[in-house]
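Subject: Structure handover

Hello,

Here is the structure I promised to pass on. My notes follow below it.

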Amino acid sequence: MRAWPRECGKAAGVAFWVYGHEGNEWITRYVDPVRKAITSRLPAAFLRIASIAPAAALWAVIKLFYRPGANGKGPAKLPYGDYFAALYHYPFDEIHANVFDQLVTPVAYYLREDEVRPWLASGFRDAALRSHRGYSWTGLATVCRTKAAVAE
């Protein structure tokens, strides 16, 4: 870890995770319009019930086709190989919660790398941006809080 300048005061860690545009084109093309127009407007209790069928279909597909290999990786030739392989051992209620989460929110942004990378361009130390399984972005950095800012 790098030494901070004397005027730094305290350092704080920053972490974020966002949906990536890359790898999620089918969601932005097919799921988002349905979510925006219909599912995000439904009563949550009804949507929880309505989410059971697509969650069951997804759970079955994951169980049938996405068993992780000995290395923990999913099938490279299938879409979302590593992501769905990571969900392989999840119980049905977690798959259902993920489907519900995708459908309930009124706003979702899927950001490209060139939109996210500038967030870490200034004011941070040891900044790192990485793709998480090709479908989202994770950012980690350290920020120097000046003594003036800490005093406030």
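One term comes first: buried means under 20% relative accessible area, exposed means over 50%, and partly exposed is in between (1.4 Å probe, protein chains only). By that scale Arg117 is partly exposed, with a relative accessible area of 42%.

Now the ground rules. This is a predicted model, in which local features need pLDDT of at least 70, side-chain atom pairs count only at pLDDT 80 or more, and totals for chains, interfaces and linings use all residues. Residues are numbered from 1 along each chain as its sequence is written, and side-chain values use heavy atoms, with hydrogens and water left out.

Confidence and layout

pLDDT is the predictor's confidence in each residue, from 0 to 100. The protein chain has a mean pLDDT of 88, and 89% of its residues reach 70 or more. Over residues 147–152 the pLDDT is below 50. Beyond near neighbours in sequence, that stretch has 6 contacts in the model, a contact being heavy atoms within 4.5 Å.

The chain has 7 helices and 3 strands. These are DSSP runs numbered from the N terminus: helices are H or I, at least four residues, and strands are E, at least two. The order from the N terminus is β-α-α-α-α-α-α-β-β-α. Of contacts between residues at least 6 apart in sequence, 68% join residues at least 24 apart.

Cores

Buried residues make up 28% of the 152 residues. In soluble globular proteins, nonpolar side chains tend to be buried together. A nonpolar core here is a set of buried Ala, Val, Leu, Ile, Met, Phe, Trp, Tyr and Cys residues joined through side-chain atoms within 4.5 Å.

The largest core has 17 residues. Those with the most contacts inside it are Ile27, Ile62, Tyr80, Phe84, Leu87 and Leu103. Helices α1 (25–37), α3, α4 (81–87) and α5 each give two or more residues to this core. α5 gives the most, with 4 residues. Leaving aside neighbours within four places in sequence, Leu87 touches Ile62, Ile95 and Asn98. A second, separate core has 8 residues, among them Phe16, Val116, Leu129 and Trp137.

Salt bridges

Which salt bridges are there? The whole structure holds 5, counting a side-chain nitrogen of Lys or Arg within 4 Å of a carboxyl oxygen of Asp or Glu.

- Arg35 and Asp32 meet at 2.9 Å, N to O. Both lie in helix α1, 3 residues apart, about one turn of the helix. Arg35 is buried at 0% relative accessible area, and Asp32 is buried at 6%.
- Lys73 pairs with Asp82, their closest N and O atoms being 3.9 Å apart. Lys73 is partly exposed at 46%, as is Asp82 at 28%.
- Arg117 pairs with Glu113, with closest N and O atoms 2.6 Å apart. Glu113 is partly exposed at 28%.
- Arg112, Asp114 and Glu115 are linked in a network of salt bridges.

Surface

Ile49, Ile52, Trp59 and Phe92 make a nonpolar surface patch of about 370 Å². Phe92 is in helix α5 (residues 92–104) and is partly exposed, at 31%. Patch residues have over 30% relative accessible area and no salt bridge; like charges are joined within 9 Å, and nonpolar side chains (Val, Leu, Ile, Met, Phe, Trp, Tyr) within 5 Å.

Best wishes

Methods. Accessible areas come from the Shrake-Rupley method with a 1.4 Å probe; for residues, only the protein chains shown count as cover.
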